[in-house]
Structures are given as C-alpha cells and as structure tokens.
Amino acid sequence: MISISNLVKRHGPLSVLNGVSMSVQRGEVVAIIGPSGGGKSTLLRCINGLERFQAGEIQVADVKLSSQPDGESLRRLRQRVGMVFQQFHLFPHLSVLQNVMIGPRIVLKQRTDDAEPLAKALLERVGLKDKLHARPEQLSGGQQQRVAIARALAVKPEAILFDEPTSALDPHMASEVQAVIADLASQQQTMLVVTHAMSFARQVARTVHVMAEGVVAESGSPEEVFEAPKLDVTRRFLQLAKTA
Amino acid sequence: MNTWCRSLLFAFLLSTTSAARADTLDDIRQRGTIRWGGDKEGGGPYVYEDPNNPQKLIGFEVELMDRLAERLGVKAEFRQAQWDTLPELLKRRPDQIDIIVNGYELTSQHLQHGMIATLPYYVYELQLIARKDDTALRAWEDLGKRRPDGSKPRVGVLAGTAAEKYISERFGNAVELRAYNGTTDSLLEVATKKIEATVTDTPPAAFYKDRHRELSVVGAPVGRGYYVIYARAGDERLRDELDRAILQITRSGELRQIDERYGIWNDGQAFFRAQESPREQTAEADEGSAAAPTGWAATWKNMPLLVKGALVTVELTLLSMPMAMLIGLFVALGRLYGPAPLRLLLTAYVEVLRGTPLLLQLYVIFFLLPLLGVNLPPVAAGVMGLAINYSAYEAEIYRAGVLAIPVGQMEAALSLGFTRRQALRHIIVPQAFRLVLPPVTNDFIALFKDTAVCSVITIVELTKQYSITANTTGAYLQVAAIAALLYLAMSYPLALMTRRLEKRTPPINA
C-alpha cells in the first residue's frame with residue numbers, strides 16, 4: 001500500500017531523514033514512536049507531499065513520488081492519503097458539516113445533495129451528529145480532532161496519516177479520539193500513526209517502528225518492541241516515556 | 001436655529017478680522033513687499049517660469065507688478081495658488097496675498113463679493129482657435145453646427161473665465177464644453193485632436209501661436225473685457241495707490257513696452273489708454289446682472305449643479321473601486337504564488353504606483369497617452385487612473401490578509417487533494433476577505449474623496465463644482481457646508497454597510 005525506500009531529507013546542513021525505508025500493508029495499522037526531533041513528523045509530511053525530499057522514493061498505491069514531483073502526481077498522491085494534524089486545522093469559516101463536505105464537493109466534484117448524507121454519516125460515526133451546524137471554534141479540542149478525522153475520511157483516501165493526533169489534547173479528550181481511531185482500525189482502515197501515547201500505540205498497531213536521528217532504529221510487533229527492545233535507544237526512550 | 005446663530009457669529013468674526021486688517025497698504029509698506037497671487041499653471045504670457053532659467057518667473061504681469069511695486073516703494077513678491085481659488089485665497093487668507101494679478105476680468109460678480117478692482121491694465125478679447133486643417137470650423141458660427149460625423153463640437157476653455165461664460169451663453173447645448181485649469185492644456189488638446197477648438201483671451205493666443213503652428217485663429221475676436229487687479233474690499237487706499245501707479249506707467253509708455261516685449265500690444269490697448277479715466281468706460285463693459293442672488297439663496301439655486309457633481313463623484317468611485325479590488329486581488333496572488341519574473345514585475349507595479357502621486361498618474365493617462373494614440377474621454381481616464389492607483393494599495397492589503405492565514409489552512413486543503421488554486425479560492429481567500437474588510441473599507445472611502453483629484457483632467461465632480469459655485473456666487477461657507485454634507489451623506493452609508501457585512505461574517509480564531 002505504502003512503500004518508502006531510502007528516503008533522505010535535509011534542511012540545509014541539517015540531516016532530518018537519513019535513508020528511511022518502511023512499508024505499510026493494506027488494512028495494516030503502523031505506529032511510529034521515538035524521541036522528538038527523530039524525523040517522525042517530517043516522514044509523514046513527505047508521504048503526503050507537503051515536504052520535498054532529496055533522495056529516495058515513495059510509492060502509495062499506484063502513485064510514485066520522486067524528489068522532483070510534478071503537480072499532478074502530488075495531487076493524485078494526496079487523494080490517496082489523508083492527513084490528520086496535531087493542531088486539527090479545521091476551516092474556521094465553515095460549519096462542521098461544511099468542513100466535512102468541502103473535500104468531496106471540490107475534489108470529488110460531488111453535488112451537495114450527494115455529499116451531505118455521506119458527511120452526516122461520517123460525523124455520526126465520530127459521535128458528532130448533534131454538532132453539524134456548529135462552528136469549529138465552538139467545539140472542544142477532542143471534538144475538533146474528530147471532525148478532522150471525518151473530513152479526512154470524506155474524500156475516501158486509501159490510507160490516513162496521523163501526525164500526533166492527541167498531543168494537543170487532555171487525557172479525557174485524547175481517549176475520545178483514540179476510540180475513534182481504534183474503531184477505524186477494526187474496520188481495516190490503513191493507517192500510519194505518529195504518536196507519543198505508548199499504550200495507545202501498543203493497543204492499536206500491528207507494527208511499531210522506533211525512529212531516532214533520522215533512521216528507523218528498530219521495528220517489530222508491539223510485543224517485541226515494548227517487551228523486549230533490542231537497542232539501547234529504544235530502551236532509553238521507553239524508560240523516559242514511562243516516567244514522563 | 002443654533003446653526004444659524006453660529007454661522008452668523010462666524011460671519012461676524014470674519015468681518016471683524018478683515019476690518020482689523022483693513023489697512024493692507026500699511027502692512028505692505030512695513031513689510032517692504034507687496035504679495036500678489038497668481039497661477040503659474042495658466043502659463044504665458046501672464047506669469048510663467050523662464051524656459052531658459054526655470055528658477056526665474058517672467059511674464060507681462062511679473063514686469064507689471066515690478067513697476068507698480070517700484071512706484072509704491074516696495075518689492076513685488078509672487079505667490080502661487082490655483083487660479084480659480086484666488087478670490088477665496090484673497091478674502092479668506094489675508095496672511096497669504098494682498099492682491100490678485102492674473103488675467104482676472106472685471107466682473108460685477110467679483111465686485112459684489114468682497115473685492116474691489118483697480119483700473120484695467122490690459123484690454124482683451126476672446127479668440128477662437130482651431131486646427132488649420134479643420135475645414136468644418138472656419139467661423140464662430142460653425143460652433144453652432146454639428147461636426148461632419150454628427151457629434152457636437154468640443155470646445156475647451158479655461159475654467160471660470162469669461163470665455164466659458166461666453167460660449168455657454170452663446171452656444172449653450174450646441175457644443176460640448178470642457179473646462180481646463182490651464183490655457184496650455186486646452187491648446188494641446190486641440191493640437192492632439194481631443195477637442196475641436198478652444199476659446200482664449202488674446203494674450204495667450206498671440207503668445208502661443210509659434211508653439212502650435214498647426215493651429216490658427218478663426219474669425220474675428222469678440223467679447224472685449226478688462227484685466228484688473230483685485231484687492232480686498234476695505235483696501236481702498238491700496239487700490240488708489242495702485243490706480244495712480246497704473247496711470248503713471250501707462251502715460252510713461254512703460255506698460256506699452258512690457259506688452260510689446262510679450263507680443264501682446266495691439267490697437268485696442270492704445271484706444272483705452274488714451275482715456276484719462278477709463279473706470280467709467282470699463283464699468284459699463286460688464287453687463288452682469290446686479291441682482292444676482294447671494295448666500296443661501298445662491299447656494300440653493302446651485303443645488304442641482306452640486307448634486308450633479310456628487311453623482312459624478314459616485315460614478316467615479318463605483319466604477320473604479322471594484323476594478324481596483326479585482327486588479328489588486330490578481331496582483332496580490334501573483335506576488336504570493338506566481339513565478340519569479342512575474343513576482344518581480346508585480347512588485348515593480350506596486351512600488352511605482354504607490355510611489356508616485358495620483359495627480360501625476362492622471363496627467364500621464366489624460367495628457368500623455370494621446371501622444372501614443374490613446375484618447376480616453378475624461379471619465380474613463382479618471383476611472384482608469386483611480387483603479388490602477390488603488391489596485392496597488394489593495395494588492396498589498398490582500399497580500400497581508402493572505403499571509404495572516406495560518407499555513408496549516410493551506411496544508412489541510414492540499415492534504416484533502418485540493419489544487420493550490422482551489423485551496424486559495426475556497427479556503428484562503430474567503431478567510432482573508434474578512435480580515436481585509438476594514439482596511440478595504442478605509443480605502444473605499446479614501447478613493448471616494450480622492451476622486452476630487454480628477455478635476456485636473458476637466459472632470460467636474462463635487463469638489464470642483466464647489467470651487468466653481470463658491471467663486472461665482474461668493475457663498476463660500478454655505479457651498480462648502482453643502483458639499484461637506486453631500487460627501488458625508490455618501491460615505492457614511494458605505495461605512496454602515498461594511499460594518500453590517502463584518503458582523504455577518506463570523507470572526508476567525510484559527
């Protein structure tokens with residue numbers, strides 16, 4: 001579904017990604033954990049074409065992305081992968097329902113009549129069917145993030161990238177959002193989740209990658225990575241995460 | 001009631017201040033200079049900058065004033081002012097000028113409105129000037145006929161002069177009258193075929209005949225009149241001193257020498273200067289009605305003209321602002337997202353238009369584009385100038401508005417599969433719109449008032465009409481009050497409308 005090979009990304013002299021390779025199978029949930037500054041978010045942004053990279057290749061379904069992407073392949077790529085941001089980035093000038101409908105209307109060229117039932121169903125699925133006409137600013141952070149998930153789902157992406165979806169939320173709101181993601185996982189939605197919530201990663205992911213200093217340091221099933229980490233980096237990180 | 005009391009009080013204060021300053025002659029002697037007001041824009045042969053030494057002013061009125069000042073034992077000092085505002089300047093700002101010397105004609109209107117006149121220093125007549133090759137315009141009567149293409153002849157005059165009055169009284173609706181701020185402007189317009197003819201006083205006709213060899217005088221001169229010096233009412237002592245000096249330089253032949261130097265001496269001058277006291281003779285020359293209304297009566301009478309001026313102001317605003325906003329939007333988006341050469345070009349566009357005065361831009365569009373074969377009618381040129389000028393400001397406002405939208409908004413839209421253009425149209429611009437509403441409203445009102453600048457390209461909008469009406473009626477305060485009220489009545493609803501629009505669009509806390 002998603003395959004990344006030898007991705008290299010530099011900001012001037014600073015090396016952010018040093019040859020990252022990983023793949024995500026259809027229907028698989030993959031979690032990426034690791035210390036801040038390890039390149040996790042940058043990797044997601046590259047997969048979505050929001051950041052350029054210097055070397056390597058990304059393939060999502062039938063779309064290949066090189067270091068010199070053209071506008072058309074970027075757009076086709078983005079139609080195949082949705083993104084949920086740490087800061088939600090809902091459109092403040094639109095209602096909750098319009099936020100979810102605008103993607104299908106503009107990108108899939110659906111008529112309002114067709115887009116509306118789908119948007120309503122998605123909002124019901126994330127538990128917000130009574131907030132259809134609210135403005136984003138009137139919602140709590142957890143509610144906004146659930147709208148953002150519905151918005152990403154509305155354009156029917158093949159995979160969804162989550163960039164620390166619960167980091168800006170308090171524990172209660174975070175668990176609301178995690179419940180929604182777990183529900184998607186049970187429906188075989190392909191997802192790549194960058195997170196600092198270890199127990200959530202353990203619960204929802206089939207594969208866990210530990211990223212540090214721009215490389216994938218260790219990979220494995222949640223049991224392998226959390227119970228029997230092979231590397232010092234992983235051990236230190238998990239120790240710190242526990243005490244934090 | 002209260003306002004009437006206040007305007008009465010104001011009038012009283014004005015009269016006392018002028019009474020207190022009544023003795024301008026003493027002030028002049030004490031100061032050692034006599035300050036005379038004129039407009040260099042009117043050009044030769046009156047007062048103009050020496051082409052060989054632009055620092056120096058020359059002209060027959062400059063030399064006249066040097067001689068007269070000499071007789072008064074003082075020095076002459078020229079003060080620049082826009083020609084049609086000179087009477088107001090004389091009356092309202094005694095601290096600026098003592099007298100007006102600038103081809104001002106002896107009229108009963110001026111005498112009724114707080115000014116007194118000296119003896120004439122020149123007798124002029126009106127001359128019709130057209131292109132030599134214009135076979136459809138060979139006599140004054142031709143102005144009453146349609147052009148070969150069926151249109152009315154377009155005739156240029158200096159605004160507020162006897163020529164303007166003469167043409168509108170004699171030919172009325174048969175011609176399309178255009179009022180200019182300078183004689184040279186209308187001559188150039190005839191030469192560039194934007195108008196068919198101009199009517200000027202004899203001095204500029206004689207003076208400029210060499211500069212425009214493609215033009216020639218048509219028919220015999222008409223409408224004799226007298227150039228006089230105007231002083232403030234109450235300054236009779238100054239007037240008498242000036243009269244004495246004028247008679248002295250007339251008799252000594254100095255005045256004739258000056259006229260001859262500027263090529264404007266003719267037999268008419270000899271005739272009236274032979275008279276011992278031409279004041280009686282000149283008084284009957286002006287047959288203006290003595291019972292012309294003044295004050296509020298005159299203001300009400302001119303109300304239709306003022307409203308018409310206001311409508312022109314509205315027309316200019318409503319046509320130019322949407323254009324400015326549209327051009328500005330594209331310039332802003334081009335500067336933000338366009339390729340590098342386009343960005344550079346648009347940056348230059350913005351800087352040039354912001355960095356040069358609107359007045360100059362209007363001049364270029366109206367007076368210089370014809371040299372490239374582009375002849376825009378006045379209103380079109382005005383709308384174009386305003387739209388282009390303001391588009392630069394709008395572009396900067398929109399650019400700031402778009403930059404104020406968080407980057408995450410664009411990224412969220414792109415991640416849904418929007419193209420950049422779709423993201424701008426549906427996500428960024430609608431949010432920026434709300435942000436820029438207050439500054440754009442501000443510019444809307446500013447543009448609305450800037451339409452006044454269009455008077456330099458012969459458009460008579462509200463401010464110009466104020467100037468004309470105030471000068472012909474002398475009801476400066478009343479006409480100014482009405483003009484101000486008309487402006488306010490137009491701009492305030494606009495402010496209310498945008499406030500409502502702002503309330504309807506929800507705020508953004510992204």
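Two residues are in contact if their C-beta atoms, placed from the backbone, lie within 7 Å. The model is predicted: local features need pLDDT of at least 70, side-chain atom pairs count only at pLDDT 80 or more, and totals for chains, interfaces and linings use all residues. Residues are numbered from 1 along each chain as its sequence is written, while chains are lettered from A and ligands numbered from 1 in the order in which they are written.

**View 1. Helix α6 of chain A and its buried face.** Helices (H or I, at least four residues) and strands (E, at least two) are DSSP runs, numbered from the N terminus. A residue is called buried if 20 or more other C-beta atoms lie within 10 Å of its own, exposed if 12 or fewer, and partly exposed in between. The buried residues of α6(A) are A:Ala174, A:Val177, A:Gln178, A:Val180, A:Ile181 and A:Leu184. Seen down the axis of α6(A), they fall within an arc of 155°, so they line one face of the helix; the arc is that of the directions from the helix axis to the C-beta atoms. Their cover includes α5 (141–154), β7, β8 and α7 (198–204) of chain A. A:Pro171, A:His172 and A:Ser186 are exposed on the other side of α6(A). Just after the helix, A:Gln188 has a positive phi of about 65°.

View 2. All five of the five residues of β8(A) (190–194) are buried. One side carries A:Thr190, A:Leu192 and A:Val194, and the other A:Met191 and A:Val193. Two strands pair if DSSP finds at least two bridges between them. Strand β3(A) (29–33) pairs with β8(A) in the parallel sense over four bridges, with A:Ala31 opposite A:Val193. Strand β7(A) (159–163) runs parallel to β8(A) and is joined to it by five bridges; here A:Asp163 stands opposite A:Val194.

**View 3. Helix α16 of chain B against α17.** In α16(B) (358–368), B:Leu362, B:Ile365 and B:Phe366 are buried. These residues cover an arc of only 85° around the axis, which puts them on the same side of α16(B). They pack against α17 (378–403) of chain B. The face turned away from the buried side carries the exposed residues B:Leu360 and B:Leu368.

**View 4. The side of chain A that touches chain B.** Contacts link 20 residues of chain A with 19 residues of chain B. On chain A, the elements giving two or more residues to this side are α2 (71–80), β6 (81–84) and α3 (96–106).
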